Amino acid sequence: MEISFILNGNPVNAGIAPTQTLLDVLRESFRLTGTKEGCSEGECGACTVLVNGKAVVSCLMLAPQAEGCEVTTIEGLSLGGELHPIQTAFVKEGAVQCGYCTPGAVMSSYALLSENPRPGEGEIRAAIAGNLCRCTGYQKIVKAVQRAAEEMDDPV
Amino acid sequence: MSLEYIRPRNVEEALECLLSRTFKILAGGTDLVIQLREGRHKDLPILDISRLSELRFIREKDGKTVIGALTTLSDLLSSESLRRTAPVLLAAVREIGSVQIRNMGTIGTRFCQIVSLGRKGRTRTMPLPDFLLGPCKTVLESCELIHSVSFSTPPVYQHFEKLGERKAQAISIASTALVSGFKNGRLKGIRVALGSVAPTVIRAKQAEAFLESRPLTPDMILDAGEMAAQEASPISDVRATAAYRRKMVMAMVTRGLWPCLKEVGESR
Amino acid sequence: MSEIGTTVFRKDARAKVTGEALYATDLFEEGMLHGAVVRSPVPHARILSIDAGPALALPGVFAVLTSKDVPGKNEFGVITRDQPVLCNDTVRFTGDAVALVAAETREQAYQGAREVRVAYDPLPSVFDVESALREHAPLVHEKGNILKHVHLEKGNVESGFPEADIVLSETFRTAPGEHMPLETEAGLAKVSQDGVITIWASTQSAYRDQRDLAHALGLPENRIRVIVPHVGGAFGRKDGITVQIYLALLARATGRPVKMHCPREESASFFPKRHGTLLKYKVGAKRDGTLVAAALEAYYDTGAYAVFGEKVMGAGVEYGLGGYRIPHTQINGYSVYTNNPPAGAFRGFGMPQVTFAWESLLDELAYRCGMDPLEFRLKNSADHGEEGPLGQIFETSTGLRQTLEGVRSSPLWKKRLDLKTVSDPFKARGVGVASCIKGCGLGIGMPDFAEAEVQILPEGTFVARVGVTDMGEGIATTFCQIVAELLGVSSESVECIQSDTFLNPPGGPTAASRNTILTGKACFLAAEDLKRVLCETAARHWGGAPEGVVLTKSGPRMEGRTASFSEVSSWMVEQGKPPGVRARYDMPVASRPLGYGLPHRIYSFASHAALVEVDRLTGQVTVLEVSAFLDCGNVLNPQGLEGQSEGGVAQGIGFALMEKNVIQEGSVLNNKLSTYIIPTAPDMPAVETSAVDTYEEAGPFGAKGIAEAASGSVAPAIFNAVRDAVGVRLRDLPLSPEQLVEAMMERHES
């Protein structure tokens, strides 16, 4: 079947099988490989994207569900080559190690800061609880989100 | 793999589809997509009801709350009225999955007292215990959809505790929800619900009756915990043994009731 | 020093935060097939027949390969090549590879794998080390179930134990565990027209893989090229062959590019795990807390194949009595085959298991001696120049004492009595401490060297070519810092190009806390040499003596003359000099060998203090705070060190409180991220990291590796804190809340 949706701001079409996940379509049809497969059961969050502004796990969303939706992937955050403040904060705080969870964690942080521009530490931890990271121990991810919140609130 | 995918425009159309043949229903997707990946429901067409906005609502009127079946868990968490009337429900919802899962998952069959089911031309309403038959088994027929869940505003004291293997995204080992009012040194309208310690969520009715029978004391709380533990029928799995689960019912009911000692004192 | 000891942001962070960084799972080739493995559903059996027919009849299935299609030697393994690439006559664990399928899509490949019909004749199986060691136990391999027995003695325990006033004997068990890197095993292989097979793989060990691939494919090593893209975490899991040989076989047989990307359940069921262990300890001390004698019997379940088995057990032997002074010791280590899935390398390499047990036991001994557990450790810790528990001499930087003193001066330790106070009647709090020791490098007898090539590019920037892989820890950035510091430039102008067996010099695996020292030092030496070449080149161009040339950030300078690095680069071409220089560094070996590849010469140490809260009703333990004191020599990149430490603490907490493979009759029951529990962000406490003041002469700028020690003593610190909180001690890891509840009740009743 054929679906159309808005991908990182651009209208797109794709021929898909109805049971294909949005994750597979993003990676295979659009080669947007920043969205990762870590578990295929919605547990690790490496495949987190925004659908109509809400963070979802694209491995548990069937591609046809994206029909007509606005889908934002990690590649859509730094359009034009300029890093988003969250991305910059991840770099500067050392929140990136192997990087496989990073795109998902950045997307969850983006969704959080869109709804709650000045989250407390507990709120940040709760917001990224669905993004498993095996390298960093999360402390630097939390710091990166705090830093991004400050900088987005008070752009230099 | 099923090759057919239908997205009805409204509930009417959805129910019509369901009368015509068997579908696999896609609401939140958080369970269905996993099942598809496991190779289940191979040949069934998919009926995507996730956008039926008629079934996505939270209404509160005259002490009764009605929640549409397709209301997402995140919708619940951002509801002002639920925050006021049923914090115990929100405490439980907060423990489900992650933000991403709560953005996708719907209340569906979860957590409610009264369930309304609709089939074309007929709606039936029943208490939750009648709806639940066993693990992943309900009375829902293949031509029916869940319409909504409803409950009366619970009494003022509300407590929820879930025991998991970690602090987030944990599958429950056991959980307890308690609500109660207070009158003349006694608990009034106490409800003790136990999760993951029986084939379905259950209420510890003996413990409830005992707790209302006389003025509350510390010993009564311990006895009620013991009773609730006996009312559970847990199993052993990779997460915990049946024996531990039973003990935890006792532990959590005790902990949940403990603050009531102070509250009943004030109601005297 | 401007580059060393300051935080330099990791070079690959930008590519990783934008999603541009390509991992093995992200590779796509025109016309590629997908591979899947047919795996044994039974733990031990003879293969009667294999029928590929039903699979080949499926749409999209392109090829099925069996052991007959392995052109070289049908075997692989790091030390002992006892694992068949594809089983020929016998399967030895549930998941043993029997056949390979290539198909047009990943789904079709896995569907095909399910349809290959294999008939098995079951054989008796054995699933735990005690049963495996019994007389007449079923044999996993013909040579017997003991892969390796190590026996070491120092002094005389027979006369030693009677000298002790207090003797404790305890048995500990640790469960097998999963690495759970976010990226599972994956790769892509392609055969080029000249017959070279190129394998892009998520691996820690490109050069060893090349050797193993050549062995199994019956090809010379120069026909095999291994390239490592970004690696999505490894922690030991990818130290060796995972899917590389399968990929090469399939690509060679089909003539098309082939990709494999293991689903999580396959990854978590069938690839080498952390060893489960059975550890029997005895220790004796004088009443004043002086350690007198210790004995350890360590049993490591290596599963159906050796992988690293004997070396992991050897590490248990080496680290099993820590870094303490003990005059009389005896250690017996056994690496034992069973029909469980194989066990291999996992951060710490056998050390975290014994450290958990030993540091728990020492803690108990301190209580029995009526001593503060920290003072007890300080009293017995060995210093530089002293003899360790095996009889090794601590002949290089030795910071155990400093890490313990660090704990003593930490706010967490100083305030521990106040921190124990908690108002909730159902909760209790406690503080615990533990230490660990971990050698840097592979040990005696295994080739342990690394090379690096540092080049100047025409544009005047620099490249470090190394043979190892940054699997997330950030080592590539460290190499850039080292090179930059020596050349006097900014690390911005140095790039590190990692594992490519055709283009880069060999470096051995990214493992064993070895790369800061080995490849780091090779970069150091190569950069030093390149600096000499640059100065000579400029001197010759200007007609002066090389000693008169100084390198500045922008280029060389001599008596008022300056040039850019780009100019020097062109002068090098004019002068017929190659653009780069190579250097090699060999890991220094211990001056007193003990046999069995023991001991190491260079050790890192760590001590951790943990504050925990125990729920008296449920037995659940929450870690509230951790302070880490690390002996990593001179710190090259503070942010990198904190990253290692915080991640190490997270893995330590998982190891202590959550992580356990539930294996029943050889089958892994919890092979998903929803059932194998690793810590989430809300599970993690605040972690405070400090490096103690030591300097390792062998390492670059005084540094040594810390990856493993940074995690090693977390678990016993937690168990010791639980003991402090509620007065009971558990001996099985991970901590079972159920056991803890029972133990608290027993204590209450008695």
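Colleague: Where does E559(C) lie?

Modeller: This is a predicted model. In chain C, E559(C) sits in the loop that links β21 (556-558) to β22 (561-562). Although E559(C) is not a glycine, its phi is positive, at about 45 degrees.

Colleague: Is E559(C) buried or exposed?

Modeller: E559(C) is exposed, because 8 other C-beta atoms lie within 10 Å, and the limit for exposed is 12 or fewer.

Colleague: What about F349(C), which is not a glycine either?

Modeller: F349(C) also has a positive phi, of about 55 degrees. Its place is the loop between β15 (328-337) and α10 (351-368) of chain C.

Colleague: And is F349(C) buried or exposed?

Modeller: F349(C) is buried, because it has 31 other C-beta atoms within 10 Å, where 20 or more are required.

Colleague: Changing topic: which residues does a cis peptide bond join, with omega of about -5 degrees?

Modeller: That bond joins L598(C) and P599(C). P599(C) belongs to the loop between β23 (580-586) and β24 (603-615) of chain C. A cis peptide bond also joins L733(C) and P734(C), with omega of about 5 degrees.

Colleague: Where does P734(C) lie?

Modeller: P734(C) is in the chain C loop between β29 (732-733) and α21 (737-749).

Colleague: On to helices. At what angle do α16 and α17 of chain C pack?

Modeller: Helix α16 (residues 518-542) and helix α17 (residues 565-574) of chain C pack at about 80 degrees, and their axes are 9 Å apart. The angle therefore makes α16(C) roughly perpendicular to α17(C), as the range for that class is 65 to 115.

Colleague: Which residues of α16(C) and α17(C) meet?

Modeller: From α16(C), L534(C), T537(C), A538(C) and H541(C) meet V568(C), W571(C) and M572(C) of α17(C). By class, this contact has five nonpolar residues, two polar ones and no charged ones.

Colleague: Finally, how many residues do chain A and chain B bring to their contact?

Modeller: Chain A contributes 25 residues and chain B contributes 24 residues. On the side of chain A that touches chain B, β4 (54-57) and α4 (121-127) of chain A each supply at least two residues.

Colleague: Which element gives the most to that side of chain A?

Modeller: β4(A) gives the most, with four residues.

Colleague: How does that side of chain A divide by class?

Modeller: The side of chain A that touches chain B has 13 nonpolar, nine polar and three charged residues.

Terms used. Residues are numbered from 1 along each chain as its sequence is written. Chains are lettered from A and ligands numbered from 1 in the order in which they are written. This is a predicted model: local features need pLDDT of at least 70, side-chain atom pairs count only at pLDDT 80 or more; totals for chains, interfaces and linings use all residues. Axes are lines fitted to C-alpha atoms, for helices over the stretch in contact, and angles run from 0 to 180 degrees between N-to-C directions. Angles under 35 degrees count as roughly parallel, over 145 as roughly antiparallel, 65 to 115 as roughly perpendicular and the rest as oblique. Two residues are in contact if their C-beta atoms, placed from the backbone, lie within 7 Å. Ala, Val, Leu, Ile, Met, Phe, Trp, Tyr, Cys and Pro count as nonpolar, Asp, Glu, Lys and Arg as charged, and the others, Gly among them, as polar.
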